[in-house]
Amino acid sequence: MDKVFGEKLPGKEERLPVKYFYYFGWVVILLVAYERIGFQSEQYVRNSIKLKKEVDDLRAEYTSIHAEYMKSGLQSVIIEKVKPDGLEENLTPPKKIIIKEEEE
């Protein structure tokens, strides 16, 4: 280490002075932090894309189940479901019974 970061001696000026070691250390630390932040942002983007796909799948599933449910409530579908039980559709409309109160 003394060869690289040693003090300048006469005739050996090509050595890197120790006073630049701290600046070099800060630059290395900043580069590592920059790479880490970039990696984390890529992870957040990947996670966001994954969650968006999952939400789209759940929305499609909800839509299909909701449509199936609405279709099962139709009168024609219900009639087909209750026919094996012996129930039939009443074709005559209901009659309204009106009772007049007696006057005293």
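I began with Asp56, which is partly exposed because its relative accessible area is 41%, where partly exposed means between the limits of buried (under 20% relative accessible area) and exposed (over 50%), with a 1.4 Å probe and protein chains only. This is a predicted model, in which local features need pLDDT of at least 70 and side-chain atom pairs count only at pLDDT 80 or more, while totals for chains, interfaces and linings use all residues. Residues are numbered from 1 along each chain as its sequence is written, and side-chain values use heavy atoms, with hydrogens and water left out.

**Salt bridges**

I looked up the partner of Asp56 and found a salt bridge with Arg59, with 3.4 Å between the closest N and O atoms; the term requires a side-chain nitrogen of Lys or Arg within 4 Å of a carboxyl oxygen of Asp or Glu. Asp56 and Arg59 are 3 residues apart in helix H2, about one turn of the helix.

I then searched the whole structure, which gave 3 salt bridges. One of them joins the side chains of Arg46 and Glu42 at 3.5 Å, N to O, and these two residues also lie in helix H2, 4 residues apart, or about one turn of the helix. Arg46 has a relative accessible area of 49% and is therefore partly exposed, and Glu42, at 45%, is partly exposed as well. Another salt bridge links Lys83 with Glu80, where the closest N and O atoms are 3.9 Å apart.

**Aromatic pair and nonpolar patch**

I counted 1 aromatic pair, taking rings of Phe, Tyr and Trp (its six-membered ring) whose centres lie within 6.5 Å, and calling planes under 30 degrees apart stacked, over 60 edge-to-face and the rest tilted. The pair is Phe21 with Tyr22, edge-to-face, with 5.8 Å centre to centre and 70 degrees between the planes. Phe21 is partly exposed because its relative accessible area is 37%, whereas Tyr22 is exposed at 59%.

I noted a nonpolar surface patch formed by Phe24, Val28 and Val32, which together have about 280 Å² of accessible area. Patches take residues with over 30% relative accessible area and no salt bridge, joining like charges within 9 Å and nonpolar side chains (Val, Leu, Ile, Met, Phe, Trp, Tyr) within 5 Å. Val32 sits in helix H2, residues 21-72, and counts as exposed because its relative accessibility is 54%.

**Chain as a whole**

I recorded 3 helices and 0 strands for the protein chain, where helices (H or I, at least four residues) and strands (E, at least two) are DSSP runs numbered from the N terminus. Of the 104 residues in the chain, 4% are buried. The chain exposes about 10,900 Å², with 62% supplied by carbon and sulfur atoms; such areas come from the Shrake-Rupley method with a 1.4 Å probe, and for residues only the protein chains shown count as cover.

I also looked at Ser76, which belongs to helix H3, residues 75-82, and is partly exposed because its relative accessibility is 48%. The C-alpha atoms of Ser76 and Glu89 are separated by 9.8 Å, and the two residues are 13 apart along the chain.

**Confidence**

I checked pLDDT, the predictor's confidence in each residue from 0 to 100. Its mean over the protein chain is 86, and 82% of the residues reach 70 or more. Confidence is lowest in helix H1 (residues 2-5), with a mean of 56, and highest in H2, at 95. Where pLDDT is low, the predicted coordinates should not be read in detail.
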